[in-house]
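Hello,

Here is the structure I promised to pass on. Please open it first, then read my notes below.

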Amino acid sequence: MYYKEYRKENIMNRASGILLHISSLPNKYGIGSFGEEVIKFCDFLKDMGIKYWQTLPFGTIDNFGSPYKSFSAFAGNPLFINLPKLYEKGLITKEELKENEYNDPYIVNFKWLNEKRMKILKKAYLRIDNEYKKEILKFSKLHKNWLYDFSLYMTIREKNNNKDWYQWEDEKLKFHDKDAIRKFREENLSEVLFYEFLQYEFYTQWEEIKNQINEKGIKIIGDVPIYVSYESSDVWGNPHIFDLTEDGSPRFISGVPPDYFSEDGQKWGNPLYNWKSIKKGRYSWWIKRLEHSLSIFDIIRIDHFRGFSAYWAIPAESETAKDGNWVDGPGLDFFNAILKKIDKNCIIAEDLGDIDEKTRTLLEETGFPGMRVIQFGFSGDNSIHLPHNYDKNIIAYSGTHDNNTILGWLWEATPEERNFALDYCDFKGGENWKFGGFYSESCRAIIKTLWKSSANIVILPIQDLCGFGADTRMNKPGRAQGNWFYRITEEQLNNIDKEFIKNLNKLFYR
């Protein structure tokens, strides 16, 4: 049962990692899941001497497949539930399993999954026996601080034609009246328990598979988005910790000013926190959230660390992110509180983007490792993202899920950027690098340069290990559609030259 406390991990030793989300793993069922594909992938990592596997958030996704817009900061994505495991338990039939196979191994078809997957999961739920139900209730009691609201929220939402909480006609349910939601639960217990069944399956399956991952010497780095969705059970059940008006609307929304990714800035749309209220509650909601995340992952990357120093507040009615302004965040007081409960060696700070001196000071005071992305280093000047400027307390990437692949970047970079990158990385292909099959070698030159650096950990998206182009990019910030669907095939994994990374790990003591 998924009850144990998080493990303390040390990320100070030299090592390497691969970035690949669970959804991108190969199997027959349209999306990677907590099945044998996880174990096969970990064997693949172990063969190369890789010690870290980084994923994206495990939460529920929106209609476009984004794991950064979830119905809960705590609940897991039911699409990751392994269907063959349900078949082994006798909860689905062989015919139903066959009906849920999907024949395109290169993409996650979210539309198809939304039509098919919940149907089979509901069939499985209707076949559980009383003993199984007791285990679910035991799990629900243990996780009541988030699961009670989440299962209610999803059930009420479903009964309101999938409208979000602020669109519900019943004012008492809309504004989380305790008596009203207690009565609703009693009258709709079977439907509510379906969502608790999904979370029980998600977490018990993940615990089982993660134990096997750790036994192979692989540690999981997970991602914790700083903000939560307005359309979430977190906002519905805890409005006092968000910056909302009396009618529940956000006064300001999240985003970032114009940057590398967008000349208009990025308008994320999440409600901002009411940090005064959160501090009054001794940061308890955040502490529970991070403790929960560390019961799932070995290490967590806190997204948008900048927002704890100062955050970009955009008036809710604004059309673009340009209209925002910086507002002071909770700062060191917040981290002093959470580090009384959480080991700092379990945290990575995502400090990319518009970083000022105040943020750098906060990062130094916490002692968390920050991040560098080698792609950003070739735009001119003596950038902190160039490997000769890395110190040991850094997690260095060829790119993150928000970046182009190395090959895609090389194609789209300016001639000056591309020539600088290839010269810096001692690529010997000269001016003819893009002819005669030099693609792989140019990417390898950049990867080798990253591995040479003094950064304690270096991480490579799987697409860069394959030498794939921009068509395999996971996400393009600022674009709602056309993201998150990338999958790698078993054949592509088998064709990877594992000796290349294995030798780099030996050569540079990773």
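Predicted model: local features only at pLDDT ≥ 70, side-chain atom pairs only at ≥ 80, totals over all residues.

Helix α8 covers residues 178-187, and helix α9 covers residues 189-215. Their axes come within 5 Å and cross at roughly 90°. An angle from 65 to 115 degrees counts as roughly perpendicular, so α8 is roughly perpendicular to α9. From α8, the contact uses R185, E186 and E187. From α9, it uses L189, V192, L193 and E196. Sorted by class, the contact of α8 with α9 has 4 charged residues, 3 nonpolar and no polar ones.

Next, the aromatic rings. The count comes to 58 aromatic pairs. A pair of aromatic rings is described by two values, the distance of the centres and the angle of the planes. Two pairs are worth a look.

Take W165 and Y166. Their rings form an edge-to-face pair. The centres are 5.6 Å apart, with 85° between the planes. Is each residue buried or exposed? W165 has a relative accessible area of 3%, so W165 is buried. Y166 has a relative accessible area of 26%, so Y166 is partly exposed. The cut-off for buried is under 20%.

Now turn to Y273 and W285. This aromatic pair is tilted, at 6.1 Å centre to centre and 50° between the planes.

R289 lies over the face of W286, 4.8 Å from the ring centre. R306 has its charged end over the ring of W326, at 3.7 Å from the centre.

Last, find P271. Where does P271 sit? P271 is in strand β5. Its relative accessibility is 0%, so P271 counts as buried. Which residues does P271 touch, leaving out those up to four places away in sequence? They are Y227, V228, S229, Y230, V235, F242, L244, P250 and F252. P271 and E491 are 220 residues apart along the chain. Their C-alpha atoms are separated by 43 Å.

Best wishes

How values were computed: Residues numbered from 1 in each chain as written. Heavy atoms only, no water. Axes fitted to C-alpha atoms, helices over the stretch in contact; angles between N-to-C directions. Helix = DSSP H or I, 4+ residues; strand = E, 2+ residues; numbered from the N terminus. Parallel < 35°, antiparallel > 145°, perpendicular 65-115°, else oblique. Contact = heavy atoms within 4.5 Å. Nonpolar A, V, L, I, M, F, W, Y, C, P; charged D, E, K, R; others polar. Phe/Tyr/Trp six-rings, centres within 6.5 Å; stacked < 30°, edge-to-face > 60°. Buried < 20%, exposed > 50% of the residue type's maximum accessible area, 1.4 Å probe, protein only. Lys NZ or Arg CZ within 6 Å of the ring centre and 35° of its normal.
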